[in-house]
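Please consult the sequence and the model while reading.

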Amino acid sequence: MTDYFPSNLPLKSIPHSKKTVNTPMVETGDSSGKLALTIAQAASERKAGEILLLKVTDVSYLSDYFLVMTGYSRVQVRAISSAIEEKVETELQRRPLRTEGKGEGSWVLQDYGDVIVHIMMPKEREFYNLEAFWSHAEHIPLENPKDLEDGPNDKIFG
């Protein structure tokens with residue numbers, strides 16, 4: 001059997017479109033950013049710890065944002081997951097494309113397509129250390145996502 005490669009194939013890959021310089025970390029018109037902030041608010045309302053927003057748009061094709069947070073018991077991890085689903089469905093009329101790990105409750109992953117949420121127990125968060133794995137992504141710490149209800153926060157939108 002012989003391999004056949006047409007001679008009219010381009011030798012170079014097609015370049016990606018150019019990105020604008022100095023774009024804010026989370027744009028106010030950005031639906032992915034709005035979804036990520038809504039998720040962070042819901043998690044904060046259920047007392048999730050160490051909420052971290054990672055902008056992975058430039059380093060991954062998986063999604064635009066990852067949210068990583070800690071729940072301190074299996075019950076709390078499930079409650080955070082449920083609160084996120086409720087708030088996002090109520091405010092943005094969206095449901096996760098897929099949810100994994102809710103039965104075990106030690107690490108729940110919610111995939112909204114453009115935002116992926118990781119709700120982890122402290123042991124799992126320390127062991128898997130997603131922050132280090134995605135260290136090349138923009139880290140956007142959220143001190144108090146409840147403050148976002150009043151409007152954009154300079155730390156996030158600056």
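Q: In which helix is the place of S32?
A: Helices (H or I, at least four residues) and strands (E, at least two) are DSSP runs, numbered from the N terminus. The model is a predicted one, in which local features need pLDDT of at least 70, side-chain atom pairs count only at pLDDT 80 or more, and totals for chains, interfaces and linings use all residues. Residues are numbered from 1 along each chain as its sequence is written, and side-chain values use heavy atoms, with hydrogens and water left out. Residues 31–45 make up the helix that holds S32, namely α1.

Q: Is S32 buried or exposed?
A: Buried means under 20% relative accessible area, exposed over 50%, and partly exposed in between (1.4 Å probe, protein chains only). The relative accessible area of S32 is 4%, so S32 is buried.

Q: With which side chain does the side chain of S32 make a polar contact?
A: A polar contact is a pair of N or O atoms within 3.5 Å; within protein, one must be able to donate a hydrogen and the other to accept it, and residues adjacent in sequence count only if both atoms are side-chain atoms. Contact in general means heavy atoms within 4.5 Å. Leaving aside neighbours within four places in sequence, S32 is in contact with D64, Y65, D114 and V115. The polar contact of the S32 side chain, at 2.9 Å, is with the side chain of D114.

Q: What pattern does the protein follow along the sequence?
A: The protein has 5 helices and 6 strands. Read along the sequence, their pattern is α-β-β-α-β-β-β-α-α-β-α.

Q: What percentage of the 158 residues in the protein do buried residues make up?
A: The accessible surface of the protein comes to about 10,000 Å², of which 52% belongs to carbon and sulfur atoms; such areas come from the Shrake-Rupley method with a 1.4 Å probe, and for residues only the protein chains shown count as cover. Of the 158 residues, the buried share is 43%.

Q: Why is the pair of W107 and Y128 tilted?
A: Rings of Phe, Tyr and Trp (its six-membered ring) pair if their centres lie within 6.5 Å; planes under 30 degrees apart count as stacked, over 60 as edge-to-face and the rest as tilted. The whole structure holds 4 aromatic pairs. The ring centres of W107 and Y128 are 4.8 Å apart, and the pair is tilted because the planes lie at 50 degrees.

Q: Which residues form an edge-to-face aromatic pair with 85 degrees between the planes?
A: The centres of the two rings are 5.3 Å apart.

Q: Which side chain makes a polar contact with the side chain of H118?
A: H118 lies in strand β5 (residues 115–120) and is buried, with a relative accessible area of 6%. Leaving aside neighbours within four places in sequence, the residues in contact with H118 include F66, L67, V108 and L130. The polar contact, at 3.2 Å, is with the side chain of W107.

Q: How many bridges join β4 to β5?
A: Two strands pair if DSSP finds at least two bridges between them. The strands β4 and β5 run antiparallel, and L109 stands opposite H118 in β5. In their hairpin, which has 3 residues between the strands, G113 takes a positive phi near 90 degrees. The number of bridges that join β4 to β5 is 5.
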